[in-house]
Amino acid sequence: MLEDIDNMKKDIQDYLEIKFDLIRLQIAESLSRILSSVINMVILCFLLALILFFLSFSAAYYFSSLLHSNELGFLCVTGFYGLILLFFIIFRKRIIERPVIKAMVKLIFSKISSDEEN
């Protein structure tokens with residue numbers, strides 16, 4: 001009887017250790033996915049910022065040639081960015097916050113839910 005209890009105790013300890021290791025691996029995988037997504041987004045944003053920077057200068061000089069004034073050309077581009085900023089301020093929850101929250105929840109819980117199905 002005591003031997004059976006000792007075996008059950010050992011089995012429970014082994015099970016808990018395996019379960020703990022599984023949870024650690026799932027957390028590591030989720031963190032790895034999040035980190036790789038963040039790195040991808042940083043690289044993408046950097047490259048897009050460079051493209052936008054050079055396109056902005058091109059647009060500013062184009063408008064300068066149309067309006068015959070460097071100041072007005074750059075002011076047109078600045079006004080355009082001001083309108084975009086206003087748009088993002090007004091709709092930031094719908095455009096940025098909600099999709100980011102949904103994406104993070106999906107990244108974190110997609111693996112856990114698929115493991116529970118198996």
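Student: What should I know before I start?

Tutor: Residues are numbered from 1 along each chain as its sequence is written. This is a predicted model, where local features need pLDDT of at least 70, side-chain atom pairs count only at pLDDT 80 or more, and totals for chains, interfaces and linings use all residues, while side-chain values use heavy atoms, leaving out hydrogens and water.

Student: What is the mean pLDDT of the protein?

Tutor: The mean is 88, and 92% of the residues reach 70 or more; pLDDT is the predictor's confidence in each residue, from 0 to 100. Helices are DSSP runs of H or I with at least four residues, and strands are E runs of at least two, numbered from the N terminus.

Student: How many disulfides are found in the whole structure?

Tutor: The search finds 0, where a disulfide would be a pair of cysteine sulfur atoms within 2.5 Å.

Student: Why is C45 called partly exposed?

Tutor: Buried means under 20% relative accessible area, exposed means over 50%, and partly exposed is in between, with a 1.4 Å probe and protein chains only. C45 has 43%, so it is partly exposed. C76, at 35%, is also partly exposed.

Student: What makes α1 and α2 oblique to each other?

Tutor: Helix α1 (residues 2-67) and α2 pack at about 135°, with their axes 7 Å apart. Axes are lines fitted to C-alpha atoms, for helices over the stretch in contact, and angles run from 0 to 180 degrees between N-to-C directions. Under 35 degrees is roughly parallel, over 145 roughly antiparallel, 65 to 115 roughly perpendicular, and the rest oblique. The angle of about 135° therefore makes the pair oblique.

Student: Which residues make that contact?

Tutor: Among them are S56 and S64 of α1, and L72, G73, C76 and V77 of α2. Contact means heavy atoms within 4.5 Å.

Student: How do you know whether S64 is buried or exposed?

Tutor: S64, in helix α1, has a relative accessible area of 5%, so it is buried. Leaving aside neighbours within four places in sequence, S64 is in contact with S69, N70, G73 and F74.

Student: And why is S56 given the word it has?

Tutor: The value for S56 is 13%, so S56 is buried. Not counting residues up to four places away in sequence, S56 touches V77 and Y81.

Student: What about L72, buried or partly exposed?

Tutor: L72 has 41% relative accessibility, so it counts as partly exposed.
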